[in-house]
Amino acid sequence: MSTLIAIPDELVEQVKSVTGMKLEQFLLDAARRQVRQIRAQQLRTEYEHTHQRLTPQQVYKRTLDQVAAFELKYGLPSEQFLREFESGALNEDRGDWTALYRWRIMAYSLRRMEQEYGFTRPA
Amino acid sequence: MADKFEVYYWEIYAFIFDSGDMLALDDPAFSLSDVDEAAIGHAIYAVLPFRNASRLYAEIFLAEDGEVIEERYAYVYYDAGGERILQYDNRSHHPEIATHPHHLHKGPLPAPGGEDRAWKTDIEYVNFESVLLRIRERFFS
């Protein structure tokens, strides 16, 4: 089944400013982006109907468990880890190169949830 | 506000599944964090196996600056043999790079004790879509 997409006026104006060989690619990219946004909305709607969403408390608990595992493994509190890893005082783990990048993301996530929802780590 | 992060997540999700010609979506190594982590914790992480057995690790922490931005990120791309090909990240440990904190590492991991040289990033605005497009352009065109 074909998908009809509406082209916003601002997009038409942008198209007018693009000429030559780039025009075809520009139109193709714009159309792909529009279709992707429609698909994203469809995926989201489908997910809402088939999955039970997690609460902030559940996401916090899950993130905390992951962060605590990293802290135990590397023997470092997360705040110290973030300072040292960002500054380069601490480098990647050669045995698991992306592990510290995951810890970094999880630690920022945990900090954000503590600020937004007021969660605190158990003593 | 959570809504913006959810929309961002679903657009990444759609982009991944739109890239099935390049990605091995049925590979058991494929993984993508769930929408609740993006909406509530602002975190997205993924392991994306490609059809040529190369693999991209993505670690993203989202923030809002008018629109959703990837405030902290690392994208590490390995070849089929597990050798790193390139890595985009924005740790702040390379202030000498003109595009600081955004920078690029190229080639295999350095030898123990060796320097992991950084370069100016070659993507104007690093995010999930631009990194995947760059990989397509360089390795799948």
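Predicted model: local features only at pLDDT ≥ 70, side-chain atom pairs only at ≥ 80, totals over all residues.
Figure 1. On the helix itself, a run of buried residues goes from A:Trp103 through A:Arg104, A:Ile105, A:Met106, A:Ala107, A:Tyr108 and A:Ser109 to A:Leu110. A:Leu100, A:Tyr101 and A:Met113 are buried too.

**Figure 2. Helix α5(A) from end to end, with the glycine that follows.** The helix takes in residues 99-117 of chain A, 19 residues in total. From first C-alpha to last, α5(A) reaches 27 Å, close to the 27 Å expected at 1.5 Å a residue. After the helix comes A:Gly118, and its phi is positive, near 75°.

**Figure 3. The side of chain A that touches chain B.** Chain A puts 28 residues into the contact, and chain B puts in 27. On the chain A side, α2 (21-50), α3, α4 and α5 each supply at least two residues. Which helix gives the most? That's α5(A), with 9 residues. Sorted by class, this side of chain A has 13 nonpolar, 6 polar and 9 charged residues.

**Figure 4. Chain A, a chain of helices in two assigned domains.** Chain A has 5 helices and 0 strands, so its elements simply read α-α-α-α-α from the N terminus on. The domain assignment gives domain 1 (9-50) and domain 2 (56-117), and their centres, taken over C-alpha atoms, sit 36 Å apart. Along the principal axes, the C-alpha atoms of chain A fill a box of roughly 60 × 40 × 30 Å. Of the 123 residues in chain A, 16% are buried. Take the contacts in chain A between residues at least 6 apart in sequence: 57% of them join residues at least 24 apart.

**Figure 5. B:Glu64 in strand β3 of chain B.** Over on chain B, B:Glu64 has its place in β3, which covers residues 55-65. Is B:Glu64 buried, exposed or partly exposed? B:Glu64 counts as partly exposed because 13 C-beta neighbours lie inside 10 Å. B:Thr121 is 57 residues away from B:Glu64 in sequence and 22 Å away in space, C-alpha to C-alpha.

Conventions. Residues numbered from 1 in each chain as written. Chains lettered and ligands numbered in written order. Helix = DSSP H or I, 4+ residues; strand = E, 2+ residues; numbered from the N terminus. Buried ≥ 20, exposed ≤ 12 C-beta atoms within 10 Å, placed from the backbone. Expected span 1.5 Å × (residues − 1). Contact = placed C-beta atoms within 7 Å. Domains from an automatic or database assignment. Nonpolar A, V, L, I, M, F, W, Y, C, P; charged D, E, K, R; others polar.
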